[in-house]
Structures are given as structure tokens and as C-alpha cells.
Amino acid sequence: MPVGIFRVCLVVITAIINHPFLFPKENGTVPENTEEIIQKMKEREESLRLQKLRLEQEIADQEAAQQALEKAAKVVEEIKEEKVPWDMWTALSMVIFLLIELWRQDFQEGNWQDTGAEEDDMAAFKGVAFPDKATLASFYEKRILGTTGDMARMREMVEGFADDLLEALRSVCNRDADMEVEDCMGVGSMYENWRVRKPFVCDLIVPFAPPEPYCFRSQIWCSGDNFPPDEQGYGTIKVCRADEDVTGCICDKTKLGEDMLCLLHSQGNTSRPSSEMEDLLCFKNTQYLDADQVMKWFQIAVTKAWNKISHKYEFDLSFSLLDSPGALKIKFRSGKSVAFNLTPVVQYENSDVYFISHFPRNELAAELPSSTRWFLTFAVYERRFIQLISKTLPAGACHISCLQILSFLHGKQCSLTGPSGLTNYHLKTVLLHLLQARPGQDWAPEKLEARLQDMLKFLEKCLHEKKLYHFFIGNGKVPAELGFPITFQRAEPLNLFRPFVLHRDVYRKTVDTFHEMLRNTSALINEYTVHIP
């Protein structure tokens, strides 16, 4: 036991004596490798710190990847949950779009040409002194009403001569090779009783057909074929054999290889000689009827016919316009003359719509890209519509009077300031729209002033919008009594003022002329009104 205690005391005393911190030696020295040890410890510490940072970055990347996977899984679950509602909304959106489109088409049919008769605040009418009812009635009676008898006598004389001329034309033509000419029909202002300006000119159209066994097959711009926008209202006429397939063979539309042969069209009857088609007035190397060829043929035929019957008449007959096939002028020995137009046309199917070879041109009309393009005229239906609607109007209705006065004012203004883009056909189209839009009692004779102002306001609105739709094309409300072809009723409306968009100089001149006419209305009417004290 004493030995053990002694050993413990010895160890304690030895530890106290040798501990450097408790009893430092003033002359003690640091071992030489201490700095190296410290440097290694710092490097080790830096290495551990970098490893710690790397481990933390790896842990952060793993956590981000895990979160991304969880988020993607969540989105997939949401898409799966919302798939059925999304398909439902898509289908519902398509249904709504179709309903809107159907409503737009119905609205377009119902309001395809807004007459705007209720708008009384048109800018051009502010400050314009319009003639009163008494002045308009006096002007119409003294200046316009007296021309009705002259028109009737002229129509009778021209129709009688035209029938005789066409009969002679049939006799000089070869019935087996030349075109077959039918009886003429009167159209336009002279036959609708609203022509006011002299000289009076009768417009007669003459349908013609090819000789047997040929026939005409027409294509119009609204039949599904691709016609450019500037050729809307036109069509083509193809000369075919009566026994030829209407739809045509695919070999006409597809370029076959050199080693392929159409079984329907052998080499013996692949095509007719070009000279034969030219005899049928077709464009060179085609089967399409050429308006220029028709013009030459008709002028030659009319000249032969006149030479045959000229001895029966005491006047001379000549072509008044070289570029119009049937612009004729009768010259009496007294110096007086009578002008009329005898224009060849082609019937569209079994209707009274006709392809007209040449149409009166104005500043808005552009040159046709090809002489195989034929303009369609609805003049026969326009005349029938005016006759039909007149039966439902009060006695002495003012609709024709309005058109006559407006045509007179426009003609007088153009004689002062020069021609404009407006024509009498545009004025008649305005009347047709208003006749369809307004009830019959609104056209009573005592409402002449109000209806004339309606026409002027409507015309100004159309000029401002550069939009005046053709009355028949795209109009689903044409009376069924007319028997109008449904093809044209279902077509897109044809804007007669579309050229104004392309010809801004003509548009500006037309608008200026119209506004000048409004300002001069009272002066023009007063000038041509006979004042009786």
C-alpha cells in the first residue's frame, strides 16, 4: 500500500514538472517541424471544407431533381384529371364558333345591303337647301314627264326596224355553219321608262346559239372555279358537241405521259382542227368563245343584212362606235338621227341571265384580261322586278320619278364638271335596294321629296363605305315570282364599288362631283323649272 501511494505521487510530480503550460521554461525551444504540421493541418481543414461544400451541392442537386420529378408527376396527374374538361371546352368553343358563323351568314342575308334610311345626319346634307314638294312636282311635270311620249314612239320605230334587220341577217347567213340568231329583246332605261337625257338610245339584246351539233356550256365565277377578284361577275363559254361529256375527261386536265393513251379519246378524234373552232368564233387553239370574234362576225352579218334591205328605207344605217359590235345609227335625209344598240348575247343555261359580248365602259371599268371572259347582265330580271314591284305600289307611285330626277341631276352635273365613276346603273341599283327595303305606301306620289332624299343619303353612305352591292347577286330575298336562278342568290354579294378601292383618283373625283351635285340641286331644278306667275 505505501509503495502504491508512492508511485502515484511520483507520477503526479513528474507530470507537473514536465507540463509546458504550467511551468514554461524561459529558454524553451519549439520543435523544428511544428510549422509544417500546422500547414498540413490547414490544408487538411481546407480539403475537408471543400468536400463539405461538394457534398452539400450534391445534396441540393438531388433535392432539386426530386422536386422536379414530383412537380412533373403532379402536372401529369393534373392533366389527366383535366383532360375531359379541356376536351369539353374545345368542343364547346367550336360549336360557339360555328353558331357565330351561321349567324353572320344569316345577318348578311338579312342585311346584306344596309339602306341606312334612318340616318338623317349625313354630313353632306348639312347646309344644303333641298327643293320643296311643289318645286319638285313642277320640275317633274314640266321637264321630265313630257319625254314619255317621245320614248314610246322611238321604241316602236326601232323595234320594227330591228326585227326586219335580223330577219334579213338570218337569210344571208349559212344555216349549217353560222350562228343562229334569235329575236331581240328591249332592256335598260328606255324600256323601264326612266330615261330622261337625250339623245334617246334603245338597248336591244340578241341571243344567238351555235349551229348543230354544237352547243354552249358556260362557267361562271361563282360555280366553284377560281376566278380572281377583279373578274367577279364574269364567266366563260365553251363550244362543245351536244354529245360530248359535260364533265369532260381527265386527259383534258392531266398531262399524260408519252407512253400513255386515253381509251376514251383515241388518236382519231383527239381534238377538232383549229380552223373548225375558229369558224365557231372560238379563241385561237381553244374551245372558248371569243368576244372579239363574235364582234367581227356580227358586224359583217349586220352589214350584209342591211345591204339586202336598204332599198326599202329612206335613210342610211352605219356603225356609230367602232369598238362596239352593235352600236348603230339611223340617219334620215332631214339630218335627224336615231341611235340604238343591237348587242349579241349568250343565254346562261335556261334562265334570262345573259353573257354579253360588250358592255358600256366607264372610268371604273378595267380592260378584260382576255376576250374569252364574258360579262353577265341581269337586265331582263331588273325590268321584271320593277314591273312586279310597281303592281304593289300606290297609284302614281314616285319610284320612277325619283330615279328620273336623280339621273337628270347627275347628268347635268357631269356635263359641268366632267364624267365621274357613277353611272345610271349605280343609280338604278340604289332604287332597287330601296324598293325592296321600304313598304309600298312609302312610295306614294306625295312622298317624292322624302324618297329622293333617301336615295341621295343611301348613295352617299355607299360612296363613303365604297360598298354598293349588286341587287341580284347574293340577294336571298328576290321574289320567287321572277324565277331567278338560285345559283346567283347563294353567291357572295358583288360589290359594284370595289374599283373605288383601287382607283383613288377616280373615287375622289366621284365624291367631289356628288357633293357638288348636292349643293347645286336647288339651282339645277330651279333653272329647268318653268315658273308660271
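This is a predicted model: local features need pLDDT of at least 70, side-chain atom pairs count only at pLDDT 80 or more; totals for chains, interfaces and linings use all residues.

Student: In which sense do β7 and β8 pair, and over how many bridges?

Tutor: Strand β7 (residues 327-332) and strand β8 (residues 337-347) pair in the antiparallel sense, over 5 bridges. As a landmark, find A327, which stands opposite N341 in β8.

Student: Which strand is joined to β7 by 5 bridges and spans residues 315-319?

Tutor: That is β6, and β6 and β7 run antiparallel. F319 is found in β6, and its bridge partner in β7 is L328.

Student: How should I think about side chains on a strand?

Tutor: In a regular strand the side chains alternate between the two faces of the sheet. For one residue, look at accessibility and contacts.

Student: Why does F319 count as partly exposed?

Tutor: Its relative accessibility is 27%, and partly exposed covers the range between the buried limit of 20% and the exposed limit of 50%. Leaving aside neighbours within four places in sequence, F319 is in contact with Q299, V302, T303, P325, A327 and L328. F319 and A339 are 20 residues apart in sequence, with their C-alpha atoms 9.5 Å apart in space.

Student: Now helices. At what angle do α9 and α14 pack?

Tutor: Helix α9 (residues 399-417) and helix α14 (residues 504-519) pack at about 115 degrees, and their axes are 10 Å apart. The crossing of α9 past α14 is right-handed. On the α9 side, L406, L409, H410, Q413, C414 and T417 meet K509, T513, E516 and M517 of α14. By class, that contact has 4 nonpolar, 4 polar and 2 charged residues.

Student: How many aromatic pairs does the structure hold?

Tutor: It holds 28. To read a pair, check the distance between ring centres and the angle between planes. The rings of F208 and F216 have centres 6.0 Å apart and planes at 85 degrees, so this pair is edge-to-face. Both F208 and F216 are buried.

Student: Why is the pair of Y348 and F488 edge-to-face?

Tutor: Their planes lie at 65 degrees, with ring centres 5.3 Å apart, so the pair is edge-to-face. This pair links distant parts of the chain: Y348 is in the loop between β8 and β9, F488 is in helix α12, and they are 140 residues apart. Y348 and F488 are both buried. They belong to one aromatic cluster, whose members include W221, F355, F378 and Y381.

Key: Residues are numbered from 1 along each chain as its sequence is written. Side-chain values use heavy atoms; hydrogens and water are left out. Two strands pair if DSSP finds at least two bridges between them. Helices (H or I, at least four residues) and strands (E, at least two) are DSSP runs, numbered from the N terminus. Axes are lines fitted to C-alpha atoms, for helices over the stretch in contact, and angles run from 0 to 180 degrees between N-to-C directions. A crossing is left-handed if the near helix is turned anticlockwise from the far one by less than a right angle, and right-handed if clockwise. Contact means heavy atoms within 4.5 Å. Ala, Val, Leu, Ile, Met, Phe, Trp, Tyr, Cys and Pro count as nonpolar, Asp, Glu, Lys and Arg as charged, and the others, Gly among them, as polar. Buried means under 20% relative accessible area, exposed over 50%, partly exposed in between (1.4 Å probe, protein chains only). Rings of Phe, Tyr and Trp (its six-membered ring) pair if their centres lie within 6.5 Å; planes under 30 degrees apart count as stacked, over 60 as edge-to-face and the rest as tilted.
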